[in-house]
Structures are given as C-alpha cells and as structure tokens.
Amino acid sequence: MNDESGHTDYRNRDYPVREDMAHQVKVWRFERWGWYTLVLLVVLALLGLFSRGPLSTRDVQGSDGKVRVQYEMFHRNGSTNPMQLSVIGTPDAMVELELSGAMLEGFSIESLQPEPIRAVSAGQGMKLWVQTDAQGRANLYLTLRGDGLGLFHSRIASPGATAVDFDQFIFP
Amino acid sequence: MDSVLRAAAMYLALMVLFKIAGRRSLAELTTFDFVLLMIIGEATQQALLGDDFSMTNSMLVIVTLIAIDVGLSLLKQRSQWVSQLIDGGPTIIVENGKLLHKRLRHARLIEADVMEAARSSQGIETLDQIKFAILERNGKISVIAV
C-alpha cells in the first residue's frame, strides 16, 4: 500500500455511495496486520506458549540433583496437566516432600499417584511422605487443574536436599 | 461476576477476530463456511459457560451479550465515528465497466466474485454491462447495471 496516495483507486468517490478511502485503507491494513498476528499466535501455540510444547514443558532439578520436578510452565484455566516429582533418599525408607508456595492456591490436585503414606498440611502447602524403592528413588505423579489466573511461584523441598523453585502461569 | 466478564471478553475477542477476517468472510456462506461457523460456535460455547451449566449462568451470559449488542447499536446511532469503526463503509469495486484492481486485491476479491454477484442479482453477462459494483458493509456485492 505504498502507492496509495497517487493511484486513482484510492481516491474517494461520492456517487453512488459516499466513500472514506482513508479509513478503508486503514481497515485493510488492520486486516493484513491482524492476519500476521493470527499466524504468529498459531506458531506460538505450536511452540507451547499456551501450554504443552517445547516452551512450556520444563524439567528442573535442585543443585544436588536429589529433587526433580517435571511440569508445564504454562497452564490454561480449567485444563489439566501432569506434573512429576522425583526424589532420591534412603533406599526402602520414607522420604518427606514439601509442596509450598502458591501452587495449591492456583491449582487443584486432581490426582496424586502413588498415594502418599502420610499427608499433612503445612502452612500454605502440604507435606507428603512417600516410600522409596530399592535404589532410593520415589516418584509422585500429579494431575493439576489450573483454577487461578496469573503467575504462581512454588517450591518443592525435601529434608537433606536442595529445594526446587519454579513458576507457573495460568492463562484465562 | 465472571460470567459477565467472560461474555464481554468473548464478545470483544470475536469482534476483533471477525474484523481481521474481513467483511467477506462470512457474507457468502459456502458449505465449508457453515461448518467453520458451527465449530467456532462450539468452541465459543465452552469458553462462555465454563463448567457451570446452571440456568442462571446461561441467562447471565445471554443478558450480557444482548446488553452489549444493544448498547453498541445505540452508540453507533449516536456517533458516526463508532458506526464507521464497527461497520465500516461501502467500497466501489467496479466503476463504469472497469474493475478497480487495487481495491479488489485489498478486499481479497477476484473478478469471478463480482461477476457471480452480477449474474445472480441482475442477470448481467459481461463486465461492460456493470455501471457500479459496490462491496457493501455486510460483505455482499451489489451491482448496478448500465
């Protein structure tokens, strides 16, 4: 639309209808840029900006590697996503995991497998005790449903291990 | 509160999206457009109602949508600017038997679209017989014969 001023096509006509070509050109420009925006949104969605994709799936560990959290960074309100917590402790013993921060405010836990041996509330979050296997590993699989909106900062800790901090964002 | 906000946000989002799509997109419904419209409706419905299927919620959503719609039409009546912003204006695409190519290109139309409208509304056979073809605000093409 660079030559729009000169070309007769861009001049206003008064008959049989009154035109406002300046406005019409703006509308066309809006449609064109709008289309670029839509394509960009589709690409970002494919990359996982709106949950489930390379941009969203995270795998973090504490500095000593004992606590590991696999989660989705981006969630959508009302949708469910998996989260996996792994901890290394003493073989064939109970290990404590503490979920704290805003996680339980933004999410509701739809399922928790395997069921922890004990669970108590602790401040804003909760403490869970799980059984480790012969190698000292224990995994906890959660299904989280995003109930809140916005950014939620959470922390997973286990005694004797470096805690893992992470952020999750819930879209409307 | 959230039902009203949901409905208002959805109204605004759909309005912007259909503005981007342009006025032609749903004016002439092909079979595929019809299916597309149904899918859009289905996707919208989920977001509007969430997981609350109560009568109160659905009434709140409907009341909000109609209130915004009526409010906008009142606003359009009072302000020429708002009216033009929301509905746009008509654009001439054929003048004295000549296609205005640049306008057609921006409106994503081809000669066949104009001739189709000319045949169906006026029984016109060639471009020379068209005095004016106008792309109306609702996306339809009206044809005035020589």
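Two strands pair if DSSP finds at least two bridges between them, and the legends below, all of which concern a predicted model, start with a view to which that wording applies.

**View 1. Strand E9 of chain A with strands E6 and E4 of chain A.** Strand E6 (residues 107-113) of chain A runs antiparallel to E9(A), and six bridges join the two. One of the residue pairs to look for here is Ser108(A), whose bridge partner in E9(A) is Arg145(A). Strand E9, which covers residues 137-146 of chain A, is also joined by nine bridges to strand E4 (residues 80-88) of chain A, and this pair likewise runs antiparallel. For Leu85(A), the bridge partner in E9(A) is Leu140(A).

**View 2. The two domains of chain A.** Chain A is divided into domain 1, residues 8-47, and domain 2, residues 57-171. Taken over C-alpha atoms, the centres of domain 1 of chain A and domain 2 of chain A are separated by 48 Å.

**View 3. The packing of helices H1 and H3 of chain B.** Helix H1 (residues 2-21) of chain B packs against helix H3 (residues 55-78) of chain B at an angle of about 45°, and their axes are 9 Å apart. H1(B) and H3(B) are therefore oblique to each other, and their crossing is right-handed. H1(B) contributes Ser3(B), Val4(B), Ala7(B), Ala8(B) and Tyr11(B) to the contact, while H3(B) contributes Asn57(B), Leu60(B), Val61(B), Thr64(B), Leu65(B) and Ile68(B). By class, the residues of this contact of H1(B) with H3(B) comprise eight nonpolar and three polar, with no charged residues.

**View 4. The two domains of chain B and the contact between them.** In chain B, the domain assignment gives domain 1 as residues 2-87 and domain 2 as residues 91-145. The centres of these two domains of chain B, taken over C-alpha atoms, lie 29 Å apart. Five residues from domain 1 of chain B and seven residues from domain 2 of chain B take part in the contact. On the side of domain 1 of chain B that touches domain 2 of chain B, there are one nonpolar, one polar and three charged residues.

**View 5. The side of chain B that touches chain A.** Here 19 residues of chain B are in contact with 18 residues of chain A. On the side of chain B, at least two residues are supplied by each of H1, strand E1 (91-95), helix H5 (101-106) and strand E3 (130-135), and the largest share, four residues, comes from H5(B). The residues on this side of chain B divide into seven nonpolar, eight polar and four charged.

Methods. Residues numbered from 1 in each chain as written. Chains lettered and ligands numbered in written order. Predicted model: local features only at pLDDT ≥ 70, side-chain atom pairs only at ≥ 80, totals over all residues. Axes fitted to C-alpha atoms, helices over the stretch in contact; angles between N-to-C directions. Parallel < 35°, antiparallel > 145°, perpendicular 65-115°, else oblique. Left-handed = near helix turned anticlockwise from the far one by under 90°. Nonpolar A, V, L, I, M, F, W, Y, C, P; charged D, E, K, R; others polar. Domains from an automatic or database assignment.
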